[in-house]
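Q: Could we go through this structure together? I would like to begin with the overall fold and then turn to individual residues.
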Amino acid sequence: MAATGTPVVFVHGMFLHAASWAGWVELFRTAGHAPLNPGWPGEPSTVAVARQEPDRVAGVGIDDIVAHYAQLIGTLGERPVVIGHSTGGLVAQRLLDQDLVVAAVALQPPPIRGVTNRAPSSIPVGWPLLRNPANRRRALSLTARQFRYSHGNALTTAESDRLYRQWVIPSPGRPVFELVSANLSRRSPATIDAANSARGPLLMMAGGKDHSAPRAVVRATVKRYRASSAVTDYQEFPDRGHSMPIDSGWREVADATLVWMQRHLR
């Protein structure tokens, strides 16, 4: 067992509630860590309330999310490991770049600023949200069909629909606009110093069937990190879609994450 008691902070992605990390939290606690799975700024503590009060997260951007988790980390007394999924994976990389955490795991993250690789499969994910500029200031929801394409395409329809009913909540639209325009702004919140050699270890994970963060995009980000001498590892799950931290195969991903942490936290 590595680093008994080391805090681990989980950061979810868009459209998923923080409680979707429940299985991971219990597993990491059993492994001797001290896990926390706080929600994004303004996010209610339950899925039901989040659905009833979507405006509580309207207008929240990536910088707001990073600042929210940075403040929480500052209360822990020691630097944690941060594990983020999707947009949460970008947040995890931001926190690592700022030396606020000892290590980071980014599951299926969007590209950081400077990565030009864009996969056609991601267009149907973002277009329904981007076609109305007013959505930048709103809280947005996915339909079950949209979730099936963006997250559950590698699952049966029954499992995708079950996850949709269990975990999906409205999310702020602003991060979508910020990510799409990342390479157009020097002040993009997706900016990370990929050449930073003073940071801790980073593990990037991809799903081979992911529509939202295709493996080619994740690999392109890993390639950009080659400018740093710090550890940047990559692991791919060929048959998995964007739902891999929450679907019936989540344990495989979580166990691989624990093995990597044990190797780098000794």
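This is a predicted model: local features need pLDDT of at least 70, side-chain atom pairs count only at pLDDT 80 or more; totals for chains, interfaces and linings use all residues.

Q: What is the strand order in the open sheet?
A: The order is β2-β1-β3-β4-β7-β8, six strands with parallel pairing. At the edges are β2 (34-36) and β8, each of which pairs on one side only. From one strand to the next, the twist averages 15 degrees.

Q: How many bridges join β1 to β2?
A: Three bridges connect β1 (residues 7-11) with β2, and the two strands run parallel. Within that pairing, Pro7 stands opposite Ala34 in β2.

Q: Where do Trp24 and Phe28 sit relative to each other in helix α1?
A: They are separated by about one helical turn, because they are four residues apart in helix α1 (residues 22-30). Trp24 is buried, with a relative accessible area of 0%. Phe28 is likewise buried, at 0%.

Q: What about the pair of Trp24 and Trp250: how are the rings arranged?
A: Their centres are 6.5 Å apart and their planes are at 35 degrees, so the pair is tilted. Trp24 belongs to helix α1 and Trp250 to helix α10, so this pair ties together parts that are 226 residues apart in sequence.

Q: Is Trp250 buried or partly exposed?
A: Trp250 is partly exposed, with a relative accessible area of 22%; buried would require a value under 20%.

Q: Which residues do the ring pairs link into a cluster?
A: The cluster consists of Phe10, Trp21, Trp24, Phe28 and Trp250.

Q: Now to His242. Where is it?
A: His242 lies in the loop between β8 (232-237) and α10 (250-265). His242 is buried, with a relative accessible area of 1%.

Q: Which side chain has a polar contact with that of His242?
A: The side chain of Asp210 does, at 2.8 Å. Leaving aside neighbours within four places in sequence, His242 is in contact with His85, Ser86, Gln108, Ser150, His151, Asp210, Ser212 and Ala213.

Q: Last one: where is Arg79, and is it buried or partly exposed?
A: Arg79 is located in the loop between α3 and β3 (81-85). Arg79 is partly exposed, with a relative accessible area of 37%.

Q: What does Arg79 contact?
A: Beyond its neighbours within four places in sequence, Arg79 is in contact with Pro7, Asp99, Leu100, Val101 and Val102. The side chains of Arg79 and Asp99 are joined by a polar contact of 2.7 Å. The C-alpha atoms of Arg79 and Val8 are separated by 9.0 Å, although these residues are 71 residues apart along the chain.

Technical notes: Residues are numbered from 1 along each chain as its sequence is written. Side-chain values use heavy atoms; hydrogens and water are left out. Buried means under 20% relative accessible area, exposed over 50%, partly exposed in between (1.4 Å probe, protein chains only). A polar contact is a pair of N or O atoms within 3.5 Å; within protein, one must be able to donate a hydrogen and the other to accept it, and residues adjacent in sequence count only if both atoms are side-chain atoms. Contact means heavy atoms within 4.5 Å. Two strands pair if DSSP finds at least two bridges between them. Axes are lines fitted to C-alpha atoms, for helices over the stretch in contact, and angles run from 0 to 180 degrees between N-to-C directions. Rings of Phe, Tyr and Trp (its six-membered ring) pair if their centres lie within 6.5 Å; planes under 30 degrees apart count as stacked, over 60 as edge-to-face and the rest as tilted.
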